[in-house]
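Thanks for coming, everyone. Let me put the structure on the screen, and then I'll walk you through it.

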Amino acid sequence: MSNYDGDEQTDLGVWRETDGTFYVRTSSTDWTAGITKQWGTSGDEPLSGDYTGDGTDDFVVWRPSDGTWYIATSESDYTASLIRPWGTDGDVPLGGADYTDDGKDEIVVWRPSDGTWYALTSESNYTASVTWHWGTTGDEPLTGDYTGDGKDDLAIWRPSDGTWYVATSESGYTASVIRPWGTDGDIPVPGDYTGDGRTDLALWRPSEGIWYILTSESDYTASVTRHWGIESDEPANGDYTGDGTEEIAVWRPSDGNWYWLTSESNWTVASIQGPWGAASDTYYS
C-alpha cells in the first residue's frame, strides 16, 4: 500500500518500465489527480516506503544489476535522493519494513541462497546493518507487524507446505508463530484487515479468485473468506477509506481499473476506481 499525500489512505500507483515512470493518483483528490515521477530504468524493481519519517512515501527503485537502492525523497518534493548500495542480484528487496519503530523504513533485502535478512538501519542513516537468518530457498519473505509492538517481524510463507513462519520482534527474533495457511499457487497478501494493529495471515487464490484471511484478533484460529477478483488480476490490498482497516482489493491490468470491497461494509460493498494504468505496467506495494 502506498501513501504519497500523507492522508493515511492508499493511493493508486503503478510503475511503467518502458519509461521508468511512477504514475500515482492520490486519495486526497478522490483519485482524480496525482503525481508523475520519472525514476528508474528498465530492469529496476519498484518499491514503496517512508525512508525519511515524514509520513509520506518516497519513490524507490532497487537495481539488481548494481545492487543499489535509489530513493527520491518526499520531503524534498522528490527532487533529492538517497542512494545506498545494498544487496546483490538474486536478492529480494523488501519495501515498507520498519524494524526499529522509529517511523522510518529500513533498507532490506532477503537472500534466498542463505535465508538471511540484511537490513541497513534508518537510525544509522543507513550506514550500519543488522542481519538475521530466517527462511530457506523457495520461501517468500513478507513484511508486517504480527504482534502489534510497532516493529515489523521476520515473516516467510513456504509454498511447499503452505505454512507461515514468523520470527517475532518482541522476542528479539528468537521465538516464532507458525501457522499452516494456504497452498502452493496462492499469493500471500498480509495486512491488517481487522484494525487491531496486527498483521493478519492472508492469501489470495488466483485459480478461484478467493481471499482467505486468518485473523490476528483470533490468535490466527478464525478466518474470513471472500470471493473477489479474477485469475488475471493483481491483488492490491490497502486502506483506501482511511479507517485503519485494509480493503480486499485487486488491480485489473486488462482494463486498468481498481476494484475493492470496503472494510467498513465487512467486505460486502464494492467500489471501483480508475482506469489507472496499462496492461504492461507494474503494480507495486
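First, the ground rules. This is a predicted model, in which local features need pLDDT of at least 70, side-chain atom pairs count only at pLDDT 80 or more, and totals for chains, interfaces and linings use all residues. Residues are numbered from 1 along each chain as its sequence is written, and side-chain values use heavy atoms, with hydrogens and water left out.

Now the overall picture. The protein chain has 0 helices and 24 strands. Helices here are DSSP runs of H or I with at least four residues, strands are runs of E with at least two, and both are numbered from the N terminus. The radius of gyration of the chain is 18 Å, close to the 19 Å from the globule rule for 285 residues, so the chain is as compact as a globular protein of that length. That radius is taken over C-alpha atoms, and the rule is 2.2 Å times the number of residues to the power 0.38. Along its principal axes, the C-alpha trace spans about 45 × 45 × 30 Å.

Burial next. Of the 285 residues, 57% count as buried. Buried means under 20% relative accessible area, exposed means over 50%, and partly exposed is in between, with a 1.4 Å probe and protein chains only. The accessible surface comes to about 11,300 Å², and 46% of that belongs to carbon and sulfur atoms. Those areas come from the Shrake-Rupley method with a 1.4 Å probe; for residues, only the protein chains shown count as cover.

What about contacts, meaning heavy atoms within 4.5 Å? Among contacts with a separation of 6 or more, residues 24 or more positions apart account for 36%.

And charge? There are 14 positive and 51 negative side chains, and the centres of the two sets lie 3 Å apart. Lys and Arg count as positive, Asp and Glu as negative; His and the chain ends are not counted. Each charge is placed at NZ of Lys, CZ of Arg, CG of Asp or CD of Glu.

Two strands pair if DSSP finds at least two bridges between them. β1 pairs with β2, residues 21–25, in the antiparallel sense over 5 bridges. R16 has T21 as its bridge partner in β2, and W15 stands opposite F22. The hairpin of β1 and β2 has 4 residues between the strands, and G20 takes a positive phi near 60 degrees there. β1 also pairs with β24, residues 282–283, antiparallel over 2 bridges. V14 stands opposite Y283 in that strand. The open sheet runs β3-β2-β1-β24, with antiparallel pairing. β3 (34–38) and β24 are the edge strands, each pairing on one side only.

β18 pairs with β17 (residues 201–205), antiparallel over 5 bridges. L201 stands opposite L214, and W204 has W211 as its bridge partner. The β17–β18 hairpin has 4 residues between the strands, with G209 at a positive phi near 65 degrees. β18 also pairs with β19, residues 223–227, antiparallel over 5 bridges. L214 stands opposite S223 there.

Last, the loop between β16 and β17. V189 is found in that loop. V189 counts as buried, at 4% relative accessibility. Beyond its neighbours within four places in sequence, V189 contacts A202, L203, W204, W211, P235 and N237.

T199 is found in the loop between β16 and β17 as well. T199 counts as buried at 9% relative accessibility. Not counting residues up to four places away in sequence, T199 touches G144, D145, Y146, P190, G191, D192, S216 and Y220.

That's it from me.

Technical notes: Contact = heavy atoms within 4.5 Å.
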